[in-house]
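These are my notebook entries on a structure that I looked up part by part. Each entry records what I searched for and what I found.

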Amino acid sequence: MLTVSPTFDPKAPEGPDTYLQVISPDGTRHPCPELDEWVGDIDVPALEKLYIDMACIRRLDAEGTALQRQGELGLWAPLLGQEAAQIGSGRALENDDFIFPSYREHGVAYCRGVNPHDLLRMWRGAAPSGWNPYEVNMANQQIVIGAQTLHAAGYAMGLKFDGSAAAAITYFGDGATSQGDVSEAMVFAASYQAPLVFFCQNNHWAISEPVARQTTGHIADRAAGFGLATWRVDGNDVLAVMAATRAALAHVRTGSGPAFIEAVTYRMGAHTTADDPTRYRDALELEEWAAKDPLDRVAAHLDSLGADLGELKKRSESAADELAAGLREAITTMPDPTVDDLFAHVYSHPHQGLEEQRENYSNYLAGFAVQGQGTK
Amino acid sequence: MKTLTFSQALNTSLRSAMEHDSKVVLMGEDIGKLGGVFRITDGLQKDFGQHRVIDTPLAESGIVGTAIGLAFRGYRPVVEIQFDGFVYPAFDQIVSQLAKMHFRSRGNVKLPVTIRIPFGGGIGSPEHHSESPEAYFAHTAGLRVVSPSNPQDAYTMLQQAIADDDPVIFLEPKRRYHVRGEVDTDLVPDPGSLYNAQVVREGADLTLIAYGPLVKTAMDAAAAAQDEGIDIEVIDLRSIEPVDFVTLSASVRKTGRVVIAHEASKFGGIGAELAASLTERCFDHLDHAPVRVTGFDIPYPPSKLEHHHLPDLDRILDGVDRAMRRTGDLLGEEG
């Protein structure tokens, strides 16, 4: 019988047999020949740092959500559950590597040293973006799904033309893989053997659409069809993500062409603070993924190695508190944009029509001031 | 001074820009060995190499999107879209990315990307090969849109577009590619003159505004009208966005009448913008409402019908008659 829509099962079994993993959800480390060599230097102190990073961006996310609820931000895109994917990859990058993110990569921005003021500016509606991309080697947040992957491909082509040793990396979600731009970016990157890592955070949901609505197979398998070297890893396993990112970066730096990482993770919160995930997903699914928490497994693993968990949690809480205080201070000190900001930077040099509009509107506003004086 | 065809002027201009700045790279489908379907890039890959003249995969969004990435990296890409109707797959990358990146980054990221689009009809092509998409781009803040009408401007304006730090949509009237003219390749234009309109024929009775492919038709119409005793001033708009209203308004205040001609459909077109803006600016000087002579509000027709759709000398003269309140206007659009 013919069917008009693909059959899919959003609860199809997923597990270590379908992706690479270094640390199990229960904290057990097991051999992973493909990845172990890439994180051989991560000793207990280094792993503790990764834990603290993840704790910090979990707090960053909680603060972002709270600030939106308090009316301080117009919108927030939560990253809860994706800490390992963002810290594992973000900490694998060199300073010269250039990042083209989507709008959820607050954790990657944190790794780049983007300050809280700049991080929140767009979400508050105070500016179209927050930071100077060239100061942190990270493009501004991209809202259009998948559009940034082409910018990354072009930038990586430029790196190759320049003979640079740096690489580019672009972040996007599982939903973006349905966009033509992502496919075109893979075509261009492969065709020119550009040093670009495609980093897909498969968080299982594109707003209310499950990943099975985007693909009936593994996303990484599709990338392989474009000729990319691919890694499919447990995206809640910070060591697996870091190892795969380091391996992918090493691959692209050799001139062997682009690479693709599918980090299998889960968005525990809403797509943004504007939606209600209880309308479209099962609470049981949330429980299943809560058991795979990225922070808990690192803590359990460190515990098994004899680390002082109590002291680690104190340090991480202290760091997270400091970050949260910075976020709140950023909100209280962030100036509102001025009318001049309306017209600024539309063009890089004067534009006759816009100059006229700016002047006319300025005179219009000045007219109110004169009227106001007159009524006193 | 050399005598060049419009297409040779463009080729010479690209060569000059590439010699002047090693960051200028050309991108597009079939632009390398083939030299582009219109041969505008003929011989350039041979002389500058595959990394300066980049044959791209067949993907318009990909071409513009990667050009944005290259510009992010410090390059000055000049993109060739093969035909006007093929630019639409790249629409998001042009209007949401290319146009807005400078604003989005608060001026930190400059995207000096020039997008060359052979545009307009009159060459007997099938569907998607004869369109006039200028209004889409002119409506988008952050883009500048220009169209040369003669070989000298083809050479000079392309130099200026490539040198501009803002993205420029560069519309090439493909039915004029074989027009010959004198080109001074040593001419150093004023930096801002890319966005100036030009009075190409002075007159006292009526201002006729055209750009790109219709400037020649407008000049022919003005010559024919002269035989009937109507002295027409013809303005080559050159810059569709921004519009040089200083030059346009001065002319309309002088003549009191204005006709605007373009190939694109009428509704929401550039002519509508010019008519409204000139009415706002020159209302007290107008003896008649601005008249538009344009393509019809239809999909671009099969080539056997395009001569009906494209404004020709007679339709422009009919528009002139209406603006002059002369009897016998054929279209009867004044009701």
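**Conventions**

I worked on a predicted model, in which local features need pLDDT of at least 70 and side-chain atom pairs count only at pLDDT 80 or more, while totals for chains, interfaces and linings use all residues. I number residues from 1 along each chain as its sequence is written, letter chains from A and number ligands from 1 in the order in which they are written, and take side-chain values from heavy atoms, with hydrogens and water left out.

**Entry 1: chain A against chain B**

I looked up the contact between the chains, contact meaning heavy atoms within 4.5 Å. I found 45 residues of chain A in contact with 50 residues of chain B. The two chains bury about 3,700 Å² between them, with 56% of it on carbon and sulfur atoms. I take buried area as the accessible area (1.4 Å probe) that two parts lose on being put together, summed over both.

I then counted polar contacts, that is, pairs of N or O atoms within 3.5 Å; within protein, one must be able to donate a hydrogen and the other to accept it, and residues adjacent in sequence count only if both atoms are side-chain atoms. Between chain A and chain B there are 25 residue pairs in polar contact, both residues at pLDDT 80 or more. On the side of chain A that touches chain B, at least two residues each come from β1 (98-100), α5 (133-136), α6 (147-162), α7 (180-191), α13 (339-343) and α14 (352-375) of chain A. Helices (H or I, at least four residues) and strands (E, at least two) are DSSP runs, numbered from the N terminus. The most is given by α6(A), with 11 residues.

**Entry 2: salt bridges across the chains**

I took a salt bridge as a side-chain nitrogen of Lys or Arg within 4 Å of a carboxyl oxygen of Asp or Glu. The search of the whole structure gave me 34 salt bridges over all chains, and the count between chain A and chain B is 4. One of them joins Glu356(A) to Arg281(B), with the closest N and O atoms 2.6 Å apart.

I also noted the salt bridge of Asp162(A) with Lys23(B), at 3.5 Å from N to O. The pair crosses from helix α6 of chain A to the loop between α1 (6-20) and β2 (24-28) of chain B. Buried means under 20% relative accessible area, exposed over 50%, and partly exposed in between (1.4 Å probe, protein chains only).

**Entry 3: the two domains of chain B**

The domain assignment, with bounds from an automatic or database source, gives domain 1 (2-195) and domain 2 (198-323) in chain B. Their C-alpha centres lie 26 Å apart. I found 29 residues of domain 1 of chain B in contact with 24 residues of domain 2 of chain B. These domains bury about 2,000 Å² between them, 51% of it on carbon and sulfur atoms. In domain 1, Arg175(B), Arg176(B) and Tyr195(B) lose the most area to domain 2, together 22% of what that side buries. I counted 2 salt bridges between the domains of chain B. Arg238(B) and Asp153(B) form a salt bridge at 2.9 Å, N to O.

**Entry 4: pairs within a chain**

Arg76(B) and Asp165(B) meet in a salt bridge at 3.0 Å, N to O. Arg76(B) lies in strand β4 (residues 76-80) and Asp165(B) in the loop between α7 and β7 of chain B, so the pair ties together parts that are 89 residues apart in sequence. I recorded Arg76(B) as buried at 14% and Asp165(B) as partly exposed at 29%.

**Entry 5: buried parts of chain A**

Val22(A) lies in the segment before α1 (44-69) of chain A and counts as buried at 0% relative accessibility. Its C-alpha atom is separated by 6.9 Å from that of Asp237(A), 215 residues apart along the chain. I also checked helix α2 (residues 83-90) of chain A, where 8 of 8 residues are buried.
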